[in-house]
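Let's take a walk through this model, ring by ring and then helix by helix. Have the structure open as you read.

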Amino acid sequence: TIIYRETSLTSKPTSGNVGSTTDALAAPYPTGRGYRSPTYFPQAVGGCKTFDELKLYWADNYNVKVDDAIGKLHFDSVRQALAGVEAVLKEFPPAMRYLKEFGLLNESIMTTERGNGKINFNPEYFNNVEKLTATLAAGVRSGFYPKNMTIFGAGAHEAGHIVEDWLLAKYGVDNVSSRIVPQKVVLEAYMEVMRRLARAGEFKSLQQLKIEIAGYAIKNDSECMALGISDYETNEISSANLSIEIWRRLKKELS
């Protein structure tokens, strides 16, 4: 199996032109109802009260293995992240078959091992909820993460990479490190944003629109797409303009 690891949530913001999310492009889009609470549990996984229930839930409903070592982590933090994963994959059911396992890895906050369907938790953060929430909050303040990013949003972000694996298979792309599919999604979303903004005589570069999602979105189109998914799951129609169009573009893949 070819494995390509996405270090999707890093604890160290990059340097450079990273600004906080703004409302500069909000005019062509409706305003939303705000954002989901930090302890939002939209899916059935939120009803699991113990690690054993959680493990059985993922095995019985999705045939996904949950490593026993995860049972030693802070339960509510894990449950919130898994609620984010489930929320995204229920929106894109064909992607669920590409998720195989949850495990541990001492790298970043969470990571996705592309090509073998594994999402990992870093015990350094998921054993220390104060550090985890503080790191996410700091990333939001700096503009490195999408606005209102929570543990739920972190899980949604990783699920975005599983959605990408589904799209790679759908388009027959064998190389899991290829950026060609998310590039297609992001560019088409960008063109739709520009069509809307043109009515108001505005123009923004793709780089600027990515930064309006989050500073980390400028790393590559894979991260941009995953962050757009996380942003939309967290903020819905109050999310960045490019996130809204990424979500709409991805929904078309289901038709």
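Does Tyr-145 count as buried or exposed? This is a predicted model, and in it Tyr-145 has a relative accessibility of 1%, so it counts as buried, the cut-off being under 20%. Phe-144 is buried too, with a relative accessible area of 1%.

Now look at how rings pair up. A pair of aromatic rings is described by the distance of the centres and the angle of the planes. Counting this way gives 11 aromatic pairs. One of them is edge-to-face: Phe-121 and Phe-126 sit 4.8 Å centre to centre, with 90° between the planes. Both of these residues, Phe-121 and Phe-126, are buried. Back at Phe-144 and Tyr-145, the ring centres are 5.3 Å apart and the planes are at 45°, so this pair is tilted.

Next, the helices. Find H6 (residues 180-198) and H9 (residues 241-252), which pack with their axes 8 Å apart at an angle of about 120°. H6 and H9 are therefore oblique to each other, and H6 passes H9 in a right-handed crossing. On the H6 side, the contact includes Lys-184, Val-185, Val-186 and Arg-196; among the H9 residues making it are Leu-242, Glu-245, Ile-246 and Arg-249. What classes of residue does the contact of H6 with H9 have? There are 8 nonpolar, 1 polar and 7 charged residues.

Definitions and conventions
Residues are numbered from 1 along each chain as its sequence is written. This is a predicted model: local features need pLDDT of at least 70, side-chain atom pairs count only at pLDDT 80 or more; totals for chains, interfaces and linings use all residues. Side-chain values use heavy atoms; hydrogens and water are left out. Axes are lines fitted to C-alpha atoms, for helices over the stretch in contact, and angles run from 0 to 180 degrees between N-to-C directions. Helices (H or I, at least four residues) and strands (E, at least two) are DSSP runs, numbered from the N terminus. Angles under 35 degrees count as roughly parallel, over 145 as roughly antiparallel, 65 to 115 as roughly perpendicular and the rest as oblique. A crossing is left-handed if the near helix is turned anticlockwise from the far one by less than a right angle, and right-handed if clockwise. Contact means heavy atoms within 4.5 Å. Ala, Val, Leu, Ile, Met, Phe, Trp, Tyr, Cys and Pro count as nonpolar, Asp, Glu, Lys and Arg as charged, and the others, Gly among them, as polar. Rings of Phe, Tyr and Trp (its six-membered ring) pair if their centres lie within 6.5 Å; planes under 30 degrees apart count as stacked, over 60 as edge-to-face and the rest as tilted. Buried means under 20% relative accessible area, exposed over 50%, partly exposed in between (1.4 Å probe, protein chains only).
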